[in-house]
Amino acid sequence: MSGELEQILLQLTQPDNAIIQQATAQLKLAFKDPAIIPALCAVMTGSQNSQIRQSAAVMLRMRVKKHWKKIGPDHRESLKAVVLQAFQQETEHTVRHSLSQLSAVMVKHETPDRWPALFTLLNQSTKSNNPMDRQVGLLLLSKVVESNPEPFKPHYRQLLQLFGTVLQDLDNPTAMYYSILTLTAMTAYTGTEEMNLMRSLIPTLIIALRHLIKADQDQASEAMEVFDELMESEVSIMVPHITEIVHFCLEVSADTTLTDSLRVKALSCIAFLIRLKSKTVLKQKLLNPILQTVFPVLSAAPPPGEEDPEDEENSNEDDTDNESPKHFAAQVIDTMALHMPPEKLFHQLMPLTQACLASDNPYERKAGLMCLAVLAEGCADHIRTKMLSSMLQTVCQSLSDSNQVVRSAGLFALGQFSEHLQPEVSKYCAELMPLLLGYMSALNQAKIGHVTKAFYALENFLENLGSEIEPYLPTLMETMSALSNAENLKLKELAVSAIGAIANAAKEKLVPYFLPVIESLKGFLTDTRDEMRSLQTQALDTLSVLARTIGKEVFSPLAAECVQLGLNLTNAIDDPDLRRCTYSLFSAVSTVSPDCLNPHLTAITTIMLLSLKSTEGVTAHLEEDKTFVLLDDDDDDEAQGDTILDEEGTDNVDPDIAGFSVENAYIDEKEDTCDALGEIAFNTGAAFQPFLESSFQQVYELRDFPHEDVRRAAFVAMGQFCRAQHKVWQENPTEADHQALQKLLGVVLPSFLEAVHSERERHVVMGVLEAMNAVLKACQGEALQSPGRLQEISQAIRDVLKKRTVCQDGGGDEADDDEQQAEYDAMLQEFAGEGIPLLASAVPAETFQPYLNELLPLIMNKLSYTVADRSFSVGTLGEILQSLVNVSGGRACAGKLSNKLLPVLVAGVRDSDSEVRNNSVFALGALAQDGSLITVDYPMMLSLFSNLLSKEQDRRVIDNLCAALCRMIMSNMEGVPLEQVFPALLARLPLKEDMEENKTVYSCLAMLYSQNPALVRLCLPETQNTLVMLLRDVAQRHSKEFEVAMKSLPAEQKMKLTGAVSQS
């Protein structure tokens, strides 16, 4: 049979389709013959044609991979012998490569201890005096270890010693390359006993990589992944050598003669190290060398006649595969902003940025603006409080630069500022809106790439404007309406997207424009041509925004139609982005008209769970033999023949085909599906009950998903499911629903706590803490029924506040000066701190007191740090005191704390920052409400408040002062000289910003009227005026509830009240 088989394989290499088709049919028949394996072995060892030998090895590998269990023990043994024999006698590299991959597949099934001949061959060849034998032995070693690293663990020490020798064989770069690949495969399985040996290899590894770069840059680029693997699995191996590694990566990054892929690897390695070990990077004084190398990369001009990818006119804005060194240089600075204290970073970064901004070279000016843009997210507080005005001025000036490349960077920076520096940026509305509208009107619409950048800036700015958008609405809607009728599909898409941003700000004020907008969207939504897909997806997105913002009364009539539209689209079109936006539309409808979803919940949950289960786009995960995952169909031999041909030409390509590049849309789909499912479950309540368990199960499985955004969304949805179950139980308190709630909490809360301690990505832990806080707020004591749960949650909060979790680098560098940390690290601690008042309000004070005693000093420690820390600290103290008001034993508990807290809060009232003052005033009011302030403290407090009231400019602080005075009056009326305080209080009413405190103020007025009517009559005009203002505010904000209340009044009172409220 082998002769016929060789002939068929030869025909497959012919350049004639008819011959290939005929050969394929013959091959399918041959594969049904039980003698196929011996025949392939014979061809693989006996053919004179290397291409045929390689094809036989490839096909044998597929056969073995799929049918190993069907091969008898004798055949297995002879196959093992034949493969090693073929490997030893083979002279062609491509065939050896295929043979080593065949061996790797066999090792996956037949563990190495059951194949002693393989070990003998590996031992002999890797230690041979002949360099070529060593190279071939290391090729085989790399493939078999990559295929199944764990069974080789007993030999790791021996292998590491071998690599120590091979990596010094600088004249044999290919041998070094295979050694590094094997080392990379082993890293995740390395135990503590191999750590020191591995650590000592790092300097040798760096020298080997330097030589490998000179020999083969593609191999060097792949070999550099060893650093990624080390950082992923065991960063401590790298820490003692961090300076050498960074300097090596900087050398590679700066060398413009090297390939982009190699320089990108080096830059991403630096970014990864900063993310994991920012304190070590700072301590080793590596910040300045990194910046000195990164800035020239960031500001380099492209080759003559070319542009940077993002500046090309036909560049796809959604294309995230920008693998240029410049793009990764910006990412290094972005990572610094997210993981380093702003003070330390800005001190060294700003001189370089300013030099770029002042340069005559447009690409240096672009670099300066890109740098400002990527700082906005990680250093938002620092910029908002210290440098916003000057940075905004710089960015605005760049919009009149003569060079479009610079203007584009300015637009990007403005978009980033608008997204991350709120609410302060929106205060510059009067200057920025005319500038942006003027810029938009002067654009050349044919330059769609630049128009897209202008829209990015405009949209981000509009989105957060709130009521400030009103004067600009007519101009904006006229512009967008015209553009949505433009010929160019991209222009239409940009206009539709901008309408969503306008709706986010304008809310009900968009009602006059609603019908024409909906008509326009309907046209885009029902056009299912492929070229319309992007516009259709954007129209769905904007429809979801309108559902959430335009008002229930206006949108409800469309709700049922929207649900039907979404179901029709998901049935008709297989597209992850379209499905994602459809699910978001379903969840938006659930906020307005949940009943419209109820009849369709079976269909909706079915497609959404399929999206969560789907492995589309993420098929090729690394557990499988990577080359075959995409070809591995069922065990049908008919299908086998086709896949053989698909496979034949792929053996020489990098087998690690399946990165994350093609998967972004599917990752986004999973993330948005989790978000939507959680919201739908909560809003549809009891109707969702039949689907809760299956939905939860599917979401729960994603908590370990490889991509962090999906993990975060899964945790958030799990929290939503708990809140949904709690709401159902509250509305219908049956024992079955109560048990279901406790069962759910019993799974969800432990998984939250596990993630807080062991999850590596900080923003996932922030999502988990936020979700846990939402569960505690909704479920209160129900969440703490399980024995030990209160202690576990308190412990998790304490660990975050002490920086002892994995995502905080486990406290490994605690010697660092604690008060300076990255803003996001501080934000993580704030999320943890927010849990303390929630626990305080969920259990009796005496139960929580021991935990509070441990947590309170950690909150108070932050009083000496930054403004943000002080604000968080006094804000949390105030919330804790407020929580204690309403729980059993709370007042006594607050009383014990008052001596410790009073001096801190009094100092906070005198702080230079308005937010700290505001939070301190609130906390003092809460202390008064608890009855914890003894009468002797009242004169001091009143003097403090009187002093502040006479000079305070910030409206929110004034509102909180009024509320605090009211709390003092209600708590101890005798301690307050009402003749002086009451008129002063009335003079500052009504409240202007903190409307939440209206309840406090009017409770106080009602109490005073019942207990001291003479005083109220004395100040009657002011009191009346204040009450009328309140009623107007209630009538505006809660119109429905106000109307219901009005209907319950007698006709005469109703008329008086209507008259008072409607008078301006």
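Mentor: By way of introduction, helices (H or I, at least four residues) and strands (E, at least two) are DSSP runs, numbered from the N terminus. The model is a predicted one, in which local features need pLDDT of at least 70, side-chain atom pairs count only at pLDDT 80 or more, and totals for chains, interfaces and linings use all residues. Residues are numbered from 1 along each chain as its sequence is written, and side-chain values use heavy atoms, leaving out hydrogens and water.

Trainee: Where does K803 lie, and is K803 buried or exposed?

Mentor: K803 sits in the loop between α38 (789-801) and α39 (823-833). Buried means under 20% relative accessible area, exposed over 50%, and partly exposed in between (1.4 Å probe, protein chains only). K803 has a relative accessible area of 13%, so K803 is buried.

Trainee: What is the phi of K803?

Mentor: Most residues other than glycine have a negative phi. K803 is a residue other than glycine with a positive value, and its phi is near 60°.

Trainee: Which loop holds K285, and is K285 buried or exposed?

Mentor: K285 also has a positive phi, of about 55°, although it is not a glycine. The loop in question is the one between α15 and α16 (287-298). With a relative accessible area of 67%, K285 is exposed.

Trainee: How many salt bridges does the structure hold?

Mentor: A salt bridge is a side-chain nitrogen of Lys or Arg within 4 Å of a carboxyl oxygen of Asp or Glu. Counted in this way, the number of salt bridges in the structure is 36.

Trainee: How many residues apart are K265 and E225?

Mentor: The side chains of K265 and E225 meet in a salt bridge, at 3.2 Å from N to O. This pair links distant parts of the chain, with K265 in helix α15 (residues 260-283) and E225 in helix α13 (residues 225-234), and the separation is 40 residues.

Trainee: Which residue forms a salt bridge with E759?

Mentor: E759 lies in the loop between α36 (735-758) and α37 (762-779), and its partner lies in helix α35 (residues 708-731), 48 residues apart. Both residues are buried. The closest N and O atoms are 2.8 Å apart, and the partner is R711.

Trainee: Which residues have the most contacts inside the largest nonpolar core?

Mentor: A nonpolar core is a set of buried Ala, Val, Leu, Ile, Met, Phe, Trp, Tyr and Cys residues joined through side-chain atoms within 4.5 Å. The largest one has 356 residues, and its largest share, 13 residues, comes from α15. The residues with the most contacts inside this core are F163, F227, I290 and F555.

Trainee: Which residues does I290 touch?

Mentor: Contact means heavy atoms within 4.5 Å. Not counting residues up to four places away in sequence, I290 touches V246, L250, I270, I274, V281, V332 and M336.

Trainee: Within what arc do the buried residues of α45 fall?

Mentor: The buried residues of α45 are D937, Y938, M941, L942, L944, F945, L948 and L949. The arc is that of the directions from the helix axis to the C-beta atoms. Seen down the axis of α45, these residues line one face of the helix because they fall within an arc of 160°.

Trainee: Which residues of α45 are exposed on the other side?

Mentor: What covers the buried residues of α45 includes α43 (890-909), α44 (914-929), α46 (955-971) and α47 (978-987). On the other side of α45, the exposed residues are P939, S950 and K951.
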